[in-house]
Amino acid sequence: MQQVADAVGVSKAHVWELEKGRSRNPPFELVRKLATHYGVSIDVLTGTAPEPAPEDIKVGRMHRDLESLSKRDRAIIEELIASMKARASEGP
């Protein structure tokens with residue numbers, strides 16, 4: 001819980017209140033930060049969209065992590081992915 005609180009900039013107690021449904025009408029910015037932290041859409045947090053599969057959440061988090069890298073580092077990752085895809089298409 002403390003990790004979530006630190007990631008979104010609120011107290012651990014506030015996160016606890018949100019989880020228990022005791023905090024009504026949280027600020028939109030907080031909901032956005034929570035959705036980003038968990039790698040889901042705001043609709044998932046509000047219950048208006050189904051929860052994504054765990055693998056989809058991982059992919060979303062990886063994408064978000066890539067955004068924080070330098071242009072050079074992202075290019076390296078893109079080259080690595082292209083190389084892996086080419087190797088996979090060649091077969092065993």
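pLDDT is the predictor's confidence in each residue, on a scale from 0 to 100. The structure is a predicted model, in which local features need pLDDT of at least 70, side-chain atom pairs count only at pLDDT 80 or more, and totals for chains, interfaces and linings use all residues. Residues are numbered from 1 along each chain as its sequence is written, and side-chain values use heavy atoms, with hydrogens and water left out.

The protein chain has a mean pLDDT of 85, and 96% of the residues reach at least 70. Confidence is highest in helix H2 (residues 12-19), at 91. It is lowest in helix H5 (residues 54-67), at a mean of 73. Where pLDDT is low, predicted coordinates should not be read in detail.

The chain contains 6 helices and 0 strands. Both are DSSP runs numbered from the N terminus (helices: H or I, at least four residues; strands: E, at least two). Helix H6 covers residues 71-90. Its 20 residues should span 28 Å at 1.5 Å a residue, and the 29 Å between its end C-alpha atoms agrees. The expected span is 1.5 Å times one less than the number of residues. Gly91 follows H6, with a positive phi near 90 degrees.

The radius of gyration of the protein chain is 18 Å, whereas a compact globule of 92 residues would have one near 12 Å. The value is taken over C-alpha atoms, and the globule rule is 2.2 Å times the number of residues to the power 0.38. Along the principal axes, the C-alpha atoms fill a box of roughly 55 × 30 × 20 Å.
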